[in-house]
Amino acid sequence: MMRILLLSTYELGHQPVNLAQPAAILRAAGFAVRTVDLALDRFDPVGMQDTDLVAFSIPMHTAARLTVPLVARIRKLRPRIHIAAYGLYAVMNRDYFNTLGVDSILGTDSDSDLLALSRRLENEAGGDPAAARASGTKHPTWLPDRSDLPGLDRYAYLRCADGRRKTVGYVEASQGCKHYCRHCPVVPVFQGRFRAVAREIVLADIRQQVRSGARHITFGDPDFLNGPTHGRRLAEALHAEFPDLTYDVTIKVEHILSNRNLLPILKKTGCLFITSAVESVNDAVLDKLAKGHSRSDFFRLMELLDEAALDLSPTFVPFTPWTTLEDYIDLLRVIADLGLIDSVAPVQLSIRLLIPPGSRLLELDDIKSRVQALEQASFLYPWENPDPRVDGLQCAVRKLAQAAGDSPRRHVFSRIWQAAHRAAGIEAPALPVAAPRGIPAQLSEPWYCCAEPTETQYRFL
Ligand code: SF4
């Protein structure tokens, strides 16, 4: 029987559904499957001897960086083993992963592709095809199999506004996205397509995670309201079955504005906060990113969320080739004026625009003329800001964010405020005082994907 090892290096601090999903399908088809989450556990070279196929989940940039040394290590240990990779960043960097020694790159139907690959390898190896004959269908109809993944209590937790901690589960109610934001890695792979995961499957997955201790659920879809009816029905069904369960969702600014009638329903059904990619408060930059919202839309969004008593967890890309020091200081001032200092994870103030292969940003003439040659091992096109003080500030802010630890966000923000004004050669005024919103509930692992993984993220090696 074909023995398959599914590996994940990083999935934003939650139990990797991108292992649990294919594990369910492959096990149902009769294959022996192990899953290992290297964000928590070390790589076991001895276990490689009992493996016929290794498949890496590579859903994001950080995971791609972390996968590279591991592919080389496995190739050395088992020169003839079949290595596969799937997920957004595997598809976008197909050629590079092939040169590293990855044999198969699987596309957006990676679960069924993985099943087909496993069957082919089983047949080529002369195994009993009957051992793998159970039928496989497209993945949204399968309940993720989380049976051999680490317990939920080892993953990111929710810090409640009152200081309590809640164990967090993670599901995806849809895959892909119908939008075409220029900087988004979903776009080159899904090309404006999204598909809903069957409501019963999502609810069954929530049910099994509640049984494992989850008291809060993160919906990690690229956008919970790509299908507003699907999202609403799911939220209502979740609340009907688990009235005490809370949850958070990711929704783009444009969808929050156009579906404002759903905000009271989200609130009533247990939504604590919405993560939204605000990215910038400069309309020219938002236009370059094709975000579909403006600076004034952000202010309107805050009014609507305040009316609905929902918190916002905003994400930003403050450092772009177009960012000026004045822009950066303006962003900090807006955050402070809106009373959002405690809602912004410090790392969000350090994010630098990533331009990966296939990015729609490369359609822009001023990007084409600014980027340097593709750095394959970094999975991006490097760029420099025309004002070196901006790049210097980005390094300084990144260090402040990395050193933040559990310091209150307000303290870190104050240091960043000082650093930004120092870079501009002006005295920092006192931070604007805004009506305090209190400290909102937040996940202990903030949403981010940096160009450079930290040393601790390589500890599995
Ligand atoms: S809405 Fe979000 S997921 Fe969709 S393309 Fe834009 S950034 Fe990507």
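**Exercise 1.** Find the order of the five strands in the open sheet, and which strands are at its edges.

*Solution.* Start with the order: the five strands of this open sheet line up as 2-1-3-4-5, with parallel pairing. Strands here are DSSP runs (E, at least two residues), numbered from the N terminus, and two of them pair if DSSP finds at least two bridges between them. Next, the edges: strand 2 (32-37) and strand 5 (104-106) each pair on one side only. Now zoom in on strand 1 (residues 3-8) and strand 3 (residues 53-57), which are joined in parallel by five bridges. There, Leu 5 sits opposite Val 54 of strand 3.

A quick note before going on: this is a predicted model, where local features need pLDDT of at least 70, side-chain atom pairs count only at pLDDT 80 or more, and totals for chains, interfaces and linings use all residues. Residues are numbered from 1 along each chain as its sequence is written.

**Exercise 2.** Work out how many residues of strand 11 are buried, and which strands it pairs with.

*Solution.* First, burial (20 or more other C-beta atoms within 10 Å of the residue's own, C-beta atoms being placed from the backbone): five of the five residues in strand 11 (residues 246-250) are buried. Thr 246, Asp 248 and Thr 250 lie on one side, Tyr 247 and Val 249 on the other. Second, the partners: strand 10 (residues 216-219) pairs with strand 11 in parallel over three bridges, and Thr 218 has Asp 248 as its bridge partner. Strand 12 (residues 271-279) also runs parallel to strand 11, through four bridges, with Val 249 opposite Ile 274.

Note on methods: Buried ≥ 20, exposed ≤ 12 C-beta atoms within 10 Å, placed from the backbone.
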